[in-house]
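Trainee: I would like to go through the nonpolar parts of this model. Please set each term against its cut-offs.

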Amino acid sequence: MIMHILIALAAGAASALMFASIISGALVSIILFYLAPLPLMVAAMGWSPLYAAIGGISAATALGLLFGMPYLGAFVLTVGLPAWWLGHLAMLGRPGDVTSPDAATPPAVEWYPPGRLLVWIAGFATLTTMAALLTLGGDAETITAALRRGLSRMMNIRGATPEAPTGGESQGMMDALVTIAPAAAAIAAIMTLTLNLWLAGRITLTSGRLKRTWPDLTSAALPPMTLVALCVALGLSFVGGLLGIVAQIASATLLMAFALTGLATLHAITRGRANRALWLGSVYVFVGIFGWPVIGLIVLGLADAMFDFRRRIPLPPVPIT
């Protein structure tokens, strides 16, 4: 018990240091900042969500004492709460149907579906992004003005002068950047949370402490109502104001969730095919370099949600991990 508490405190200390490293302004601190949930997720999946909660509380308390209450609140909302809850859900299981006639054989465990985990990740990404924007102001006009000032300073540091009267083209570019900035932040949040959860699972599996089977990620599918929620969010994106900003952020996170299920679909339908590694490698490279090919994954994810390609196309068995 004492050893487990020490592990929880160590995970909290590591997470707090990674979170606070952003103060240094170094380039590597950005990577550490985005990986801050990882130690707490490993603690939740390898030991217990209780120890992740202990580590998160200790980390938030230390940050609050050293840097003030804003850092405590930011850590709890963006790191501690998502790491604890996602780690808890990843290890959540219930007895499934008994498929063996042998009464001595324990029933298979039905683990929390990866697709539902994606919905929770999208929700946390929306929540944290909107909370960050609300620190800039309480209405859409104030938030937009603050984003414009921040982007202008960033461009000035790089040698541009967007505040000078350089014509409608520069003004239009600034307006576009201000419009897409919240959605871009939400996309970064959902991708980093997903990466952290996957890394935590692999680390725990490698260490031998993962008490569940590794999920078949190629079968990840979002709940049917997610498509309805996306349609509602897209519709509300055009109403303007603070509600419009919230809807844009939610739309971005849900679209990225469908992109991830599209990637899962691509992995599933190419399993056992010739040149599979070449196809998948090309997709990863093009998405990583150019970004815009992710639209194809979104389309594939949406199409699979509507037509269920993975059930209609005969697929080879899943290899044992």
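Mentor: This is a predicted model: local features need pLDDT of at least 70, side-chain atom pairs count only at pLDDT 80 or more, and totals for chains, interfaces and linings use all residues. Residues are numbered from 1 along each chain as its sequence is written, and side-chain values use heavy atoms, without hydrogens and water.

Trainee: Which residues form a nonpolar patch on the surface?

Mentor: Ile22, Ile23, Leu27, Ile30, Tyr34, Leu66 and Phe67, with about 680 Å² of accessible area together. Such areas come from the Shrake-Rupley method with a 1.4 Å probe.

Trainee: Why is tyrosine 34 called partly exposed?

Mentor: Its relative accessible area is 37%. Buried means under 20%, exposed over 50%, so 37% falls in between.

Trainee: Which helix gives the most to the patch?

Mentor: H2, with three residues. Helices are DSSP runs (H or I, at least four residues).

Trainee: What makes a nonpolar core?

Mentor: Buried Ala, Val, Leu, Ile, Met, Phe, Trp, Tyr and Cys residues joined through side-chain atoms within 4.5 Å. The largest one has 52 residues. Met41, Met45 and Phe75 are among those with the most contacts inside it. The largest share of this core, eight residues, comes from H10.

Trainee: What does methionine 45 contact beyond its neighbours within four places in sequence?

Mentor: Its contacts (heavy atoms within 4.5 Å) include Gly87, Leu197 and Arg209.

Technical notes:
Buried means under 20% relative accessible area, exposed over 50%, partly exposed in between (1.4 Å probe, protein chains only). Helices (H or I, at least four residues) and strands (E, at least two) are DSSP runs, numbered from the N terminus. Patches are made of residues with over 30% relative accessible area and no salt bridge: like charges are joined within 9 Å, nonpolar side chains (Val, Leu, Ile, Met, Phe, Trp, Tyr) within 5 Å. A salt bridge is a side-chain nitrogen of Lys or Arg within 4 Å of a carboxyl oxygen of Asp or Glu.
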